[in-house]
Amino acid sequence: VSRFVTLLLTAPRRRVQALSFLLMNSYVLQGLKAIPCPGLNCYACPGAILACPIGTLQHFAILRQVPFYTLGVLGLIGVTVGRMACGWLCPFGWLQELLYGMRDRWHLRVWNISESYGWLPCFFLIVLVGIVPLLTLEPWFSKLCPMGTLEAGIPWVVWSAEIRAQVGWLFVVKLAILVAFLLWMMRTKRPFCRLVCPLGAIWSPFNAVSGVRLSVEESSCTQCGVCREVCPVDINICEDADSSRCVRCMECVKSCPESAVRLLGA
Amino acid sequence: MSSRRLLINRVLLAVCMISIGLGVVLGHVLVTWWNATLL
């Protein structure tokens, strides 16, 4: 617990992430559910005040309508800051970083993910968020989403006897997916963001043209590897400053001993 | 930022703003139609 608290309080980014989670689930600021949430935060969470953009996209796929407003808002975020919302605002990204921070204390071996699986989020976006809801008229990504289980499924099952009575095989599957990811998060840097998150897949292409970008001064870079060590998505920013996986957390900017990584604004 | 990237950025920005406007207008039209016809 103390490690969690230390992690929460040491870096300002952690405070922003914590504040973002609290604001997104503040309950008192009701009436904002027409606004897409800049991160993966379940709409059905009892305290949620914003709409889950992935849930909205599935809803529109089921209705066979074009989600102009949601795509516009997501695009606006992407074109302005790229995937920065993943690094600073997404509550699920925050949870993954906190759990990964516990690995040293529990002496867990790190599991790396091959970069060759980078296409998976796009696959989940097209198949589970687009095609499957379109064909089955059910939002299957939301039904299986581990963040939904954590923020909405479990609280509602605990809270309401009526919902508890409806628990079936699907809830067991959801729970198994959540537990698997929680265990994985303790050994791997942001596994959900890197292999599943369809929201990240939407923002990824914007990284190369977004207003906020990173740049690496090659003449100063000594290839020391510190940037990759501190990177929450395990990328080598020196090789590709416009990497579609970069969540613009700025850890590499803060940690580079040669100040070779810099933040650029349009 | 190179001029090509800046151009793409600005074009995408415009497309997103149009998309948001279209969404708001269409949403308003649909809600008005829904209220007038079905409720």
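Student: Which side chains meet in a salt bridge with an N to O distance of 2.9 Å?
Tutor: Those of D242(A) and R5(B). A salt bridge here is a side-chain nitrogen of Lys or Arg within 4 Å of a carboxyl oxygen of Asp or Glu. Before we go on: this is a predicted model, where local features need pLDDT of at least 70, side-chain atom pairs count only at pLDDT 80 or more, and totals for chains, interfaces and linings use all residues. Residues are numbered from 1 along each chain as its sequence is written, chains are lettered from A and ligands numbered from 1 in the order in which they are written, and side-chain values use heavy atoms, with hydrogens and water left out.

Student: OK. How many salt bridges are there across the interface of chain B and chain A?
Tutor: The rule finds 1.

Student: And how much area do the two chains bury between them?
Tutor: About 1300 Å², with 73% of it on carbon and sulfur atoms. Buried area is the accessible area (1.4 Å probe) that two parts lose on being put together, summed over both. In residues, 16 of chain B are in contact with 17 of chain A, contact meaning heavy atoms within 4.5 Å.

Student: How many salt bridges over all chains?
Tutor: The structure holds 14. One of them pairs E97(A) with R13(A), at 2.7 Å from N to O. E97(A) lies in helix α6 (residues 91-100) of chain A and R13(A) in helix α2 (residues 12-24) of chain A, so this pair ties together parts 84 residues apart in sequence. Helices are DSSP runs (H or I, at least four residues), as are strands (E, at least two), numbered from the N terminus.

Student: At what angle do α2(A) and α6(A) pack?
Tutor: About 135°, and their axes are 9 Å apart. Axes are lines fitted to C-alpha atoms, for helices over the stretch in contact, and angles run from 0 to 180 degrees between N-to-C directions. That makes α2(A) oblique to α6(A); angles under 35 degrees count as roughly parallel, over 145 as roughly antiparallel, 65 to 115 as roughly perpendicular and the rest as oblique.

Student: Which residues meet there?
Tutor: From α2(A), R13(A), R14(A), Q17(A), A18(A), F21(A) and M24(A); from α6(A), P91(A), W94(A), E97(A) and L98(A). By class that contact has 6 nonpolar, 1 polar and 3 charged residues. Ala, Val, Leu, Ile, Met, Phe, Trp, Tyr, Cys and Pro count as nonpolar, Asp, Glu, Lys and Arg as charged, and the others, Gly among them, as polar.
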